[in-house]
Amino acid sequence: MKQLYLLRHAHAVSTSVSLSDFDRPLDERGQEEGIEVADYLHKKGITFDFIMCSAALRAQETLEPLRPIIGTNAIEISENFYNISEDKILNHLRQLSDETGKVLYIGHNPGIAFSILKFAKILPRFLLESVTPGTLVGLQFPLDKWMDLEWGSAEVIEAFQPVLAAKEFPSPQEP
C-alpha cells in the first residue's frame with residue numbers, strides 16, 4: 001500500500017499586493033490554517049517518509065509549522081512543483097522511490113483539487129464543493145510501486161479543512 005497526502009497551501013496575501021505570484025507569503029489567516037493542519041497531523045499521529053513542496057513562498061510557509069511533527073527531513077522543495085496540473089503531479093509521483101510509503105505533497109489549485117477528484121474512487125461531499133486553502137486529503141492506493149499509480153484507484157483515508165473560515169473570518173455578507 002502507498003499513501004499520498006495532498007495539501008493545498010494555506011491562504012496567502014492578495015494578488016493585488018505588488019509581489020509576484022511566486023513570492024506571495026501567507027496572510028494571518030493562512031498562518032493560523034498552517035498551525036491547524038499541524039495540530040491535526042499531530043493529534044492523528046500522521047508522519048511521512050517524504051515531502052514534496054512547491055518552492056512558492058506560500059507553500060513553503062505552509063510547510064513550516066508541520067516540520068516538527070512530520071517525521072522526516074526528506075523534503076524536496078522545487079519550482080517544478082509550482083502551480084502545475086494534476087497530470088504533472090501524477091508524473092512526479094510516479095518517479096518516487098518504491099521504498100517511500102507515505103508522501104505529503106504541498107501545492108496549488110487547480111492541480112491539487114483535480115488530483116484529489118481524479119485519484120479518489122469516492123469523495124467526501126464537502127470536497128465536491130471546494131478544496132479551500134489549507135485542505136489536507138489522505139489517499140491510500142492498493143499498489144507497491146509508485147510507477148503503477150493511476151487515476152480512480154484511491155480510497156480517501158483522511159480529509160481535513162481548517163475551520164477558520166467560518167470561525168474567525170466571517171464573509172462580507174455576514175453581520
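## Aromatic pairs in a predicted model

Tyr-82 is partly exposed, with a relative accessible area of 23%. The model in which this residue is found is predicted. Phe-22 is likewise partly exposed, at a relative accessible area of 22%. The rings of Phe-22 and Tyr-82 have their centres 5.0 Å apart and their planes at 80°, so this pair counts as edge-to-face, the class for planes over 60 degrees apart.

In total, the structure holds six aromatic pairs. Another of these is formed by Tyr-5 and Phe-48: with ring centres 5.2 Å apart and planes at 75°, the pair is edge-to-face. Here too distant parts of the chain are linked, as the partners are 43 residues apart. Tyr-5 sits in strand S1 (residues 2–8), and Phe-48 in the loop between helix H1 (28–44) and strand S2 (50–54). Tyr-5 is buried, because its relative accessible area of 2% falls under the 20% limit. Phe-48 is buried as well, with a relative accessible area of 2%.

The geometry of the two pairs is set out below.

| Pair | Centre distance | Plane angle |
|---|---|---|
| Tyr-5 and Phe-48 | 5.2 Å | 75° |
| Phe-22 and Tyr-82 | 5.0 Å | 80° |

Elsewhere, Phe-119, Phe-141 and Trp-151 form one aromatic cluster.

Technical notes. Residues are numbered from 1 along each chain as its sequence is written. This is a predicted model: local features need pLDDT of at least 70, side-chain atom pairs count only at pLDDT 80 or more; totals for chains, interfaces and linings use all residues. Side-chain values use heavy atoms; hydrogens and water are left out. Rings of Phe, Tyr and Trp (its six-membered ring) pair if their centres lie within 6.5 Å; planes under 30 degrees apart count as stacked, over 60 as edge-to-face and the rest as tilted. Helices (H or I, at least four residues) and strands (E, at least two) are DSSP runs, numbered from the N terminus. Buried means under 20% relative accessible area, exposed over 50%, partly exposed in between (1.4 Å probe, protein chains only).
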